[in-house]
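Keep the sequence and the 3D view open as you go.

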Amino acid sequence: MNSADHPAATLFSALDNLATGVVVVNPAGVVGYLNAAAESLLGVSGALLMGGESALLFERSPELLGALQSARASRETVTEHDMEITLPGHTPVRASCTLSYVEGSLEGWVLELRPVDAQLRIARHEQIRMQQEANRELLRNLAHEIKNPLGGIRGAAQLLERELPRESLKDYTQVIIKESDRLQSLMERLLTPRRLPHFSAVNIHEVLERVRSLLLAETPEGIIIQRDYDLSLPEIEADPEQLIQAALNIARNAVQAMHGQGKVIFRTRVARQMHLGSRRLKLAVRVDIVDNGPGIPEAIREQIFFPLVSGREGGSGLGLPLAQTLVAQNYGMIECESEPGNTVFSIYLPLQA
Ligand SMILES: Nc1ncnc2c1ncn2[C@@H]1O[C@H](COP(=O)(O)OP(=O)(O)OP(=O)(O)O)[C@@H](O)[C@H]1O
Ligand SMILES: [Mg+2]
């Protein structure tokens, strides 16, 4: 059966907008409909499964067949949280499956499929976001507490310096003053008030071109910055200055990690059916900043978005947390995958809520 001539064609077209895979199986066990999310999860076209090849869905997936049989017998909803589904010639996928019996004109079973790793990712993002929020608050309080006495220490060192009997002793007061200044500026960066974003229509490639030219001005000659843009991407609603700052922090890290030799790629693509935190987006823009440097040191790989985590001499560990905050204020998210020779930071920004 073709979804276009099904009496519930409108309903089915609405189902195509879901991030959850939906498969409708008729009482004889024949697949009658597959939404877009199910097609992409299973890696098959609906036409294949809805035709004579319907049995393929159950043939090599005993767990799924078992669930269908028990749903058939009991006519009750069956949920399996982690099921393996194998289609001949495809890599098995793990999904959480719910099978429910539907009566009426659409009689049969509705199979809902949610990829297991997407669920884990949502939970992980939510947990990271909460941890980051708590950390930020803690650091702001701490920075506040440190800032005031620091002013006192610096002032006292200046007064002391004036009273010192010998010029050579001033080296010591200068150390106190300089180090206080360094700490002071770190505290100020931690306390930077959050500016609310000013949204406007933004061409993401203009943002990246700005970042590229800023970066080229400070980049050693041995580093190549390549572009791989999908120029068909529409404009997004965002704060361009905040996006420039976020992308610059990421790209600058890439350049710094490569010690004068290597390649950075700015890539843009469209991403579909994305989960950003607990929200779901039909369409998003994905900006990848890729480098072929040594990769993020393993010891800090999971913590790089936390403040003060740095694997770089002289680094303050504030670049990435700030980037993540800025992108989050624009309703987006940054993800990172890194191994030696291939580090990819992906910025996701909503195209359509
Ligand atoms: N592309 C990358 N390749 C290798 N390591 C990276 C890369 N990006 C980030 N890192 C690691 O993550 C750490 C944290 O980065 P972050 O930008 O938050 O702080 P920083 O660069 O150390 O200091 P700051 O940006 O505040 O000057 C870096 O110190 C570095 O060790
Ligand atoms: Mg940095």
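This is a predicted model.

**Exercise 1. Find what covers the buried residues of α5.**

Solution. Start with the cover: it includes β1 (21–25), α4 (56–59), β3 (78–85), β4 and β5. The buried residues of α5 are L64, A67, L68 and A71. Look down the axis of α5: these residues fall within an arc of 100°, so they line one face of the helix. Now turn to the face pointing away from the buried side. P62, A73 and S74 are the exposed residues there.

**Exercise 2. Check the length of helix α5 against 1.5 Å a residue.**

Solution. Helix α5 covers residues 62–74, which makes 13 residues. Take one less than the number of residues and multiply by 1.5 Å. Just past the helix, R75 has a positive phi of about 55°.

**Exercise 3. Decide whether E107 is buried or exposed.**

Solution. First locate E107: it sits in the loop between β4 (93–102) and β5 (108–115). Then count. E107 has 11 C-beta neighbours inside 10 Å. The cut-off for exposed is 12 or fewer. E107 therefore counts as exposed. Leaving aside neighbours within four places in sequence, E107 is in contact with P27 and V102.

**Exercise 4. Describe the shell around ligand 1.**

Solution. Count first: 21 residues surround ligand 1. The closest are N253, S310, G311, G315 and G319. Sort the shell by class: 8 nonpolar, 11 polar and 2 charged residues. Finally, find the main source. α9 gives the largest share, 4 residues.

Note on methods. Residues are numbered from 1 along each chain as its sequence is written. Chains are lettered from A and ligands numbered from 1 in the order in which they are written. This is a predicted model: local features need pLDDT of at least 70, side-chain atom pairs count only at pLDDT 80 or more; totals for chains, interfaces and linings use all residues. A residue is near a molecule or strand if its C-beta atom, placed from the backbone, lies within 6 Å of it. Helices (H or I, at least four residues) and strands (E, at least two) are DSSP runs, numbered from the N terminus. Ala, Val, Leu, Ile, Met, Phe, Trp, Tyr, Cys and Pro count as nonpolar, Asp, Glu, Lys and Arg as charged, and the others, Gly among them, as polar. A residue is buried if 20 or more other C-beta atoms lie within 10 Å of its own, exposed if 12 or fewer, and partly exposed in between; C-beta atoms are placed from the backbone. Two residues are in contact if their C-beta atoms, placed from the backbone, lie within 7 Å. The arc is that of the directions from the helix axis to the C-beta atoms.
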